[in-house]
Amino acid sequence: MRTLEYTVPPQEAGRRLEYVLRAHFELSEHRLRSLKFADCILLDGAPAHVGRAVAAGQTVMVQLRDEGAALAPYDLPLRVPYRDADILIVDKPAPLPSIASARQDSATLENAVYACLGCPADFVYRPVSRLDKGTSGLMPIALNAVAHARMQRMLHTGQYVREYLAVTEGAPQADAGVIDRPIGHAEGVRRCIDPSGKHAVTHWKVLKRYGYVTLVECRLETGRTHQIRVHMAWIGHPLFNDERYGGDRILKGTTFAKYRQFIENCFAVMPRHALHARLLGFEHPTTHRDMLFECGLPDDFRALLEKWEGYAAAGRTDEE
């Protein structure tokens, strides 16, 4: 791994980070895209969006994995619902990073896919969309450049269907709704509702209420980073155990003081945010057939629901 650094001079203050990267590191379009996807572009040590304006004195860092360096295989038994010459569909476990980077060791989905495919010499990792480290479920990976380009064009269109199951804190008053709010960058890797951000739409529907928490189905009309997590937090119902967006507030309030041990047990059962990508649909990039995949709940998600099922069956309410 090589790290390139550059300190922004006063005359470049206010420039977009992308300008600095192109002007001083001479990165190709392909390399820039791969670095963005791998979170290897840092501003003052934190991952940064290339559209962000830089300030004088800030340090721009680019972490480059040597092109000739061999990717280490990660021998992880993967569930593979589908594979052909063009696409690979995996059921990603959590918590597992989707992509190798300077901040991750070899235990990533990228390394696991490399091993799953037999460690080919010409391996190129081409995830069409990716899941957060703490999100489980279906994730598509293109096996050649043509399939990748065609599937990328489907993103943020009706041709690309993604449905998730989430456990949210609190009980939404309505049984369904649509959140249409743009998402932009906050500090570090956080995202936030931002009028100048990217268009983002989430359709949600209550599937079951368990007193204080609720099982919700979320369908993405767009697929922005942390979209469901940001949108559900914005309407006041962050995902259970999502510390980054307030999903740990249940431990900080007084409502559940007498049931603190129960809540801590729930957090121990599912030590990640409660989000699972259960359904994926798209048009096959080569055959043009309609493809639809669905996967069951992982053990930790199922165990969390069982605990809250017992809580609700005991007749407890969030007013206690």
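**Close-up views of a predicted model**

View 1. Threonine 222 is buried, with a relative accessible area of 4% (buried means under 20% relative accessible area, exposed over 50%, and partly exposed in between, with a 1.4 Å probe and protein chains only). This is a predicted model, in which local features need pLDDT of at least 70 and side-chain atom pairs count only at pLDDT 80 or more, while totals for chains, interfaces and linings use all residues. Residues are numbered from 1 along each chain as its sequence is written, and side-chain values use heavy atoms, with hydrogens and water left out. Threonine 222 sits in the loop between β14 (213–220) and α5 (helices, H or I with at least four residues, and strands, E with at least two, are DSSP runs numbered from the N terminus). Its side chain makes a polar contact of 2.8 Å with the side chain of glutamine 227 (a pair of N or O atoms within 3.5 Å; within protein, one must be able to donate a hydrogen and the other to accept it, and residues adjacent in sequence count only if both atoms are side-chain atoms). A polar atom of the threonine 222 side chain also lies 3.0 Å from the backbone nitrogen of valine 201. Leaving out residues up to four places away in sequence, threonine 222 touches His156, Arg162, His199, Ala200, Val201 and Gln227 (contact means heavy atoms within 4.5 Å).

View 2. The largest nonpolar core has 45 residues (a set of buried Ala, Val, Leu, Ile, Met, Phe, Trp, Tyr and Cys residues joined through side-chain atoms within 4.5 Å). Helix α3 gives the largest share of this core, four residues.

**View 3. A network of salt bridges.** Glu163, Lys205, Glu217 and Arg278 are linked in a network of salt bridges (each a side-chain nitrogen of Lys or Arg within 4 Å of a carboxyl oxygen of Asp or Glu). Arginine 278 pairs with glutamate 217, the closest N and O atoms being 2.4 Å apart. Arginine 278 counts as buried at 18% relative accessibility, and glutamate 217 does so at 13%.

**View 4. An aromatic cluster.** Phe240, Phe262, Phe267, Trp308 and Tyr311 form one aromatic cluster. The whole structure holds ten aromatic pairs (rings of Phe, Tyr and Trp, the last by its six-membered ring, pair if their centres lie within 6.5 Å; planes under 30 degrees apart count as stacked, over 60 as edge-to-face and the rest as tilted). Phenylalanine 240 and tryptophan 308 make an edge-to-face pair, with 6.0 Å from centre to centre and 85° between the planes. Phenylalanine 240 is in the loop between α5 (227–234) and α6 (260–269), while tryptophan 308 is in helix α7 (residues 299–313), 68 residues apart. Phenylalanine 240 counts as buried at 0% relative accessibility, and tryptophan 308 is buried with a relative accessible area of 0%.
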